[in-house]
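Reader: Please present the structure and then take me through it by question and answer.

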Amino acid sequence: MQLTHSKKTLRTMLLTAAVSAVAISSVSAETLRWARAGDSLTLDPHAQNEGPTHTLAHQIYEPLIIRDMSGQFQAALATDWAPSPDDPNVWVFNLREGVTYHDGAAFTAEDVVFSIGRAQSENSNMKELLNSIVEVRAVDDLTVEMVTDGPNPILPSNLTNLFMMDSGWAESNGVVEVQDVEGGETTFAATNANGTGAYKLVSREPDVRTVLTQNENYWGIGQFPLEVTEIIYTPIQNAATRVAALLSGEVDFIQDVPVQDLDRVANTDGLIVKTAPQNRVIFFGMNMGAADIANDNVDGANPLADVRVRRAMNMAINRDAIQQVVMRGQSQPAGMIAPPFVNGWTAEMDGSVSTDIDAARALMAEAGYGDGFSIQLDCPNDRYINDEAICQAAVGMMAQIGITVNLDAKPKAQHFPLITNGETDFYMLGWGVPTYDSEYIFNFLTHTRGEDRGSWNGTGYSNPEMDAMIQSLASETDLSARNATIQAIWDDVQEQQLYLPIHHQVLNWGMSDAVGIDVSPEDDPKFKFFTMN
Amino acid sequence: MSFFVVVSLIMGAIFAPLLAPYDPFDPATLNLMNGFTGPLTPNQFTQDVFVLGTDDQGRDVLSTILFGMRISLFVGFSAVFLAMILGVILGLLAGYIGGWLDAVIMRVADVQLTFPSILVAMLIFGIAKGVTPAEFRDQVAIWVLILAIGLSDWVQFARVVRGATLVERQKEYVQAAQLIGRANLAVMLKHILPNVLNPVLVIATISLALAIIAEATLSFLGVGAPPTKPSLGTLIRIGQEYMFSGEWWILFFPAITLLALALSINLLGDWLRDALNPRLR
């Protein structure tokens with residue numbers, strides 16, 4: 001009796017000690033609790049070319065080259081790179097020595113060959129970035145040569161989101177093939193990760209919580225602040241809940257402070273808001289390629305195929321009202337689907353379109369749709385700043401020219417497959433340009449959808465002449481000729497009104513004042529650069 | 001008092017097209033620049049004044065509440081009506097016929113009682129949304145809501161009616177009717193039904209309040225009335241986004257309306273129960 005009692009006491013004491021130890025470690029300053037509206041769509045680094053997916057992957061996996069928090073190139077798994085002196089079609093990459101994956105395997109040139117090949121395979125969503133590469137050669141363990149189908153001066157900027165995977169790990173876990181996200185497949189690589197990055201995956205519940213801990217064997221120890229030792233990532237879709245979590249100190253860092261709450265957060269002791277223009281444009285796409293579209297009330301014809309209808313829709317959008325009311329000034333109205341950061345952007349094309357309802361109605365009548373038509377608008381509700389509110393505002397604006405819009409807003413995990421599968425007629429999309437060059441936009445959004453290009457072109461637009469111009473960009477070495485081609489393509493895109501641009505986003509990161517970091521234009525915090533006071 | 005509140009709210013909803021200064025369901029009439037106007041303060045861009053302010057899309061909150069209440073009440077009444085019809089028929093059958101039919105109906109009811117009714121409603125709503133073509137989704141959303149709430153609510157009616165029927169069935173007047181050879185259907189509808197209706201009416205009133213709240217909950221969760229045709233729950237969902245930023249009226253007025261509506265209907269139900277209870281008379 002006596003014995004059991006003391007045993008019990010001992011157990012209680014141990015338990016209390018354990019609980020308090022947990023409590024102490026969870027309040028330790030190095031844990032960064034991070035929240036944003038949406039979660040990564042998959043851990044497979046080549047399955048989805050999507051911002052939040054890459055942002056999480058950047059903590060775990062690494063590409064050869066990264067962009068630092070100000071958008072400049074920085075050596076990651078490659079220490080230096082240059083065109084080969086012997087052959088203008090070859091880029092030579094020298095790899096970092098002594099890098100290991102989280103499971104202990106060494107990073108070698110073979111992994112680069114494997115990873116690029118994997119990212120070029122059928123299910124990969126990164127193909128558009130690599131279609132100029134015809135061969136990747138491992139010269140020795142630490143040297144890789146990439147052969148392109150012509151001189152490609154901008155190849156390095158296509159590699160900043162191309163993560164390196166261990167070929168051995170992929171083979172032993174049956175994930176040599178990229179996960180087929182559109183087909184609804186789940187693989188080992190989609191829920192597990194083995195990278196070379198500064199953080200290792202501890203646990204992950206999609207859409208609930210992901211925990212990362214610092215990689216104690218990271219090659220960059222001593223080179224980067226690495227003051228964050230543990231990351232707890234919680235997607236919080238609801239804007240009010242997300243802000244409440246930041247205000248109450250439940251999270252330390254949110255990437256998307258709702259525009260209505262900026263003052264509230266900035267005026268709270270211990271919290272700061274940092275603002276910067278984002279390298280991302282928000283726009284609507286329209287299915288103009290189909291002979292008849294599914295979700296409209298016009299039989300046997302596709303109103304969106306008529307450029308006059310598209311132009312009328314463009315004129316109906318009141319971008320200033322969206323900027324002033326929905327975005328509370330936190331956006332820049334856009335006239336083209338390239339952010340100002342991008343080569344090919346011009347102030348003239350981006351000068352936003354003036355709203356003209358009468359002219360828009362006249363165009364609709366001229367196109368034979370004077371009485372309007374009805375259509376469904378697909379919209380994400382956890383991806384872009386105020387995405388659903390913008391779509392709702394568009395419903396009202398389209399109604400003014402007789403277009404009845406049924407709005408269907410849903411999480412991005414259900415929204416994006418509609419675009420990549422070509423199953424939507426009218427949709428919202430935002431596009432960031434990590435290469436800072438128009439070619440990236442054309443490859444994904446305006447080239448005919450096919451094997452290697454056009455995977456995010458949900459418009460069904462197909463123009464062989466434009467396709468030829470886009471393909472010539474990769475190997476054009478004369479920069480002024482290349483820029484002239486870019487301009488010619490943009491002229492077509494604007495002339496045909498392929499998309500309805502809305503605005504360039506402005507980023508608002510809210511954080512505890514203990515967190516030290518500046519906003520990156522790509523909205524991709526890389527936590528190894530963060531300092532913690 | 002509660003009767004007065006219920007009647008005035010219902011009247012407000014019925015005559016919404018006459019009373020409301022704007023038509024919030026016609027997106028063409030909205031001016032986005034009127035968004036976030038405070039109650040009785042002129043808008044900073046357009047100088048327009050709205051009694052209860054506007055929401056994020058520039059919709060007049062007063063008009064939207066009146067029209068939203070129409071949806072809430074319509075869904076509530078129709079759902080309770082559906083639940084009542086279903087519950088009374090199944091309850092009568094179970095109580096009067098008995099045997100294996102009784103067992104089947106009541107086991108189904110028991111199983112459904114183990115799920116929260118809001119979950120059942122969400123399930124039905126999800127299935128219906130999946131099978132309706134996209135272009136009709138907005139139009140049928142209301143009917144799907146009615147179906148979802150109605151089907152999740154019939155159990156209470158069935159159990160009460162069955163219990164009352166079991167008691168009535170033993171009484172002489174029923175046996176007399178059976179003896180003179182009246183058909184079962186006639187006995188059920190003409191003799192038993194009128195005698196079990198009192199508790200049904202009380203449950204119906206209380207269920208009405210619950211159905212209105214269920215509709216608001218579904219819409220609040222984003223699976224009910226579409227954002228372009230907001231009901232009270234949708235309005236509350238929109239409003240809570242702006243709780244921290246000082247635009248309190250978008251949340252407050254719809255919430256207080258829902259509260260007043262549900263509370264007064266509940267009080268009315270209580271009063272009805274007392275009034276119909278012979279022992280309290």
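Author: Two residues are in contact if their C-beta atoms, placed from the backbone, lie within 7 Å. Axes are lines fitted to C-alpha atoms, for helices over the stretch in contact, and angles run from 0 to 180 degrees between N-to-C directions. Helices (H or I, at least four residues) and strands (E, at least two) are DSSP runs, numbered from the N terminus. This is a predicted model, in which local features need pLDDT of at least 70, side-chain atom pairs count only at pLDDT 80 or more, and totals for chains, interfaces and linings use all residues. Residues are numbered from 1 along each chain as its sequence is written, while chains are lettered from A and ligands numbered from 1 in the order in which they are written.

Reader: At about what angle to β6(A) does helix α3 of chain A run?

Author: Helix α3 (residues 109–119) of chain A lies across β5 (90–95), β6 and β7 of chain A. Relative to β6(A), the helix runs at about 170°.

Reader: Which strands stand at the edges of the open sheet in chain A?

Author: Four strands form this open sheet with antiparallel pairing, in the order β4-β5-β7-β6; two strands pair if DSSP finds at least two bridges between them. An edge strand has a single partner, so one side of it is left without a neighbour in the sheet; these strands are β4 (78–83) and β6 (133–140) of chain A.

Reader: What is the bridge partner of A:Val136 in β7(A)?

Author: β6(A) and strand β7 (residues 143–148) of chain A pair in the antiparallel sense over six bridges. In β7(A), the partner of A:Val136 is A:Met146.

Reader: How many residues of helix α2 of chain A are buried?

Author: A residue is buried if 20 or more other C-beta atoms lie within 10 Å of its own, C-beta atoms being placed from the backbone. The cover of the buried residues of α2(A) includes β1 (31–36), β8 (199–205) and β16 (426–432) of chain A. Helix α2 (residues 51–60) is largely enclosed by the rest of the structure, because the buried count is 10 of the 10 residues.

Reader: Which elements do the buried residues of α9(B) pack against?

Author: Chain B has 10 helices and zero strands. Eight of the nine residues of α9 (residues 232–240) are buried, so this helix is largely enclosed by the rest of the structure. Its buried residues, including B:Leu235 and B:Ile236, pack against α3 (61–97), α8 (184–220) and α10 (249–276) of chain B.

Reader: How many residues of chain A are in contact with chain B?

Author: Chain B contributes 22 residues to the contact, and the number from chain A is 24.

Technical notes
Buried ≥ 20, exposed ≤ 12 C-beta atoms within 10 Å, placed from the backbone.
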